[in-house]
Amino acid sequence: MLDHVGSYAGDPILSLMEKFAADETVGKANLGIGLYYDDNGRIPILCSVGEAAQALRNNPQPHTYLPMEGLSRLRECIQDLVFGKDTDAVREGRVATIQTIGGSGALHVAARFIRAYFPDSAVWISDPTWDNHRPLLESAGLNVGVYPYYDAKTQGVDIEGMIATLNGLPEKSIVLLQPSCHNPTGCDLTPDQWDRVVDIMEQRRLIPFMDMAYQGFGDGLNEDASPIRKLIARSMTVFVSNSFSKNFSLYGERVGGLSVVCANADVAGRVLGQLKSIVRTIYSSPPLHGARIIATVLEDPTMHQMWEAEIEQMRVRIKSMRKILREVMEANIPSMDASYLTTQRGMFSYTGLTPEETFWLKDEKAIYMVQSGRICVAGLSEQNAPRVAEALAEVMARRQQVAALTGC
Ligand code: LMR
């Protein structure tokens, strides 16, 4: 009966994590998946999270069902974090927010909503983007288009190419944008470039869909959300997905949010109702434990402050790993300018390595990275960063030798 089922080729990111777990090499480095490791090479349990978990143990509550839209305390916290405290749109009740199963859950629920209410709109994603964006959106029945984003020559954003494409999109096209810490390139728009993009989105009546998975890892919690705030200041309809996996180091708890900024409270009420109905047909209601932990941290002033300090520590550590990587690479190849490593932001960086070079690094050096050449800089520690940098430099030096020999 099941002979027609084909085998699964695997996921470029998650399957790599499985291979890493099975690798017994001492000193192996996981730069594949977006996981933040501390300097001891461990995925940290944040102190703020530990305190909240203890507070929950001291005051046990029944493990009842959450409503379809999730924990209301968490939903309020999401609105404060994403849109800022006392934002007009939130105060006026114009934002429909649900708790979701991580950022991926938010994307899927939004995709189902878009399919139902904007059946003629395609979703436009950056070239390149997170490996799962396209399959996730297409699996919900959406058409997906691509706008230029990364310029390999400048190792930055191709802003003119991006603007030209956005300018040609039909009204009500959905444009998926990452407000900060772009996955996979680490290249973000500058504030001026955001102003240009926001102007075009407004003039052409495009619908921004902001996917924010790394809030706090770029420049700060408010700074990283500032492109979203620019959009809502224009009274535009905006979709926002956010994830707590990274900034709470709570990957497996799967907590995220989906917010839709609407024209008025009446529309927001109806949108919320439809989001609930979509949730009911997929998983009924989201899980409780991680949501309670996050709401407890965010509501308590002391724990909240502790969490902000912990995010800052993670952000600073990522930046220092970028610096070490750059220094060792430039020291190993004096002709090399690796400044892109310190200008890019967040967990990820594009190295420009070919798939074959990434396989070589995996097989010969037990250094795991995504085939696209993306590395997760947050997977580096003071111990492994020099070894990784030397291995990267070795690959690049080999490439230069081949180029010198073959003339290409
Ligand atoms: C990543 O891009 O590595 C993370 O967002 C994890 C994932 O689910 O792919």
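The legends below walk through several close-up views of one predicted model.

Local features are described where pLDDT is at least 70, and side-chain atom pairs count only at pLDDT 80 or more, while totals for chains, interfaces and linings use all residues of this predicted model. Residues are numbered from 1 along each chain as its sequence is written, and side-chain values use heavy atoms, with hydrogens and water left out.

View 1. For C181, the nearest cysteine sulfur belongs to C376 and is 11 Å away. C187 has its closest cysteine sulfur in C181, also listed at 11 Å, which is too far for a bond. C181 is buried, with a relative accessible area of 1%; buried means under 20%, exposed over 50% and partly exposed in between, using a 1.4 Å probe and protein chains only. C187 is buried too, at 5% relative accessibility.

View 2. Side chains of opposite charge can pair when their charged atoms come close. The cut-off used here asks for a side-chain nitrogen of Lys or Arg within 4 Å of a carboxyl oxygen of Asp or Glu, and the structure holds 21 such salt bridges. In this one, R94 and E92 meet at 2.8 Å, N to O. R94 is buried, with a relative accessible area of 10%, whereas E92 is partly exposed at 43%.

View 3. E160 pairs with R196, with the closest N and O atoms 3.1 Å apart. E160 lies in helix 7 (residues 159-167) and R196 in helix 8 (residues 191-203), so the pair ties together parts that are 36 residues apart in sequence. Helices (H or I, at least four residues) and strands (E, at least two) are DSSP runs, numbered from the N terminus. Both partners are partly exposed, E160 at 47% and R196 at 34% relative accessibility.

View 4. The side chains of E330 and R326 form a salt bridge at 3.2 Å, N to O. Both residues sit in helix 12 (residues 301-332), four residues apart, or about one turn of the helix. E330 is partly exposed at 22% relative accessible area, and R326 is partly exposed at 26%. Salt bridges also link D188, D219, K319 and R345 in a network.

**View 5. Helix 5 crossing helix 10.** The axes of helix 5 (residues 102-117) and helix 10 (residues 265-282) come within 10 Å and cross at roughly 115°. Axes are lines fitted to C-alpha atoms, for helices over the stretch in contact, with angles from 0 to 180 degrees between N-to-C directions. From helix 5, the residues H108, V109, R112, F113 and Y117 meet V271, Q274, L275, I278, V279, T281 and I282 of helix 10, where contact means heavy atoms within 4.5 Å. By class, this contact has eight nonpolar, three polar and one charged residues. Ala, Val, Leu, Ile, Met, Phe, Trp, Tyr, Cys and Pro count as nonpolar, Asp, Glu, Lys and Arg as charged, and the others, Gly among them, as polar.

**View 6. The surroundings of M212.** M212 belongs to strand 8 (residues 207-212) and is buried, with a relative accessible area of 2%. Not counting residues up to four places away in sequence, M212 touches V82, P179, D224, A225, I228, S241, N242 and S243. The C-alpha atoms of M212 and S241 are separated by 6.0 Å, although these residues are 29 apart along the chain.

View 7. Most residues other than glycine have a negative phi, and most peptide bonds are trans. The bond from D127 to P128 is cis, with omega near 0°, and P128 lies in the loop between strand 3 (123-127) and helix 6 (133-139). N183 and P184 are also joined by a cis peptide bond, with omega about 20°; P184 lies in the loop between strand 7 (174-177) and helix 8. Q155 has a positive phi near 50° and sits in the loop between strand 5 (150-151) and strand 6 (156-157). K172, in the loop between helix 7 and strand 7, has a positive phi near 70°. Q155 is partly exposed at 28% relative accessibility, and K172 is partly exposed at 39%.

Conventions
Disulfide = S-S within 2.5 Å.
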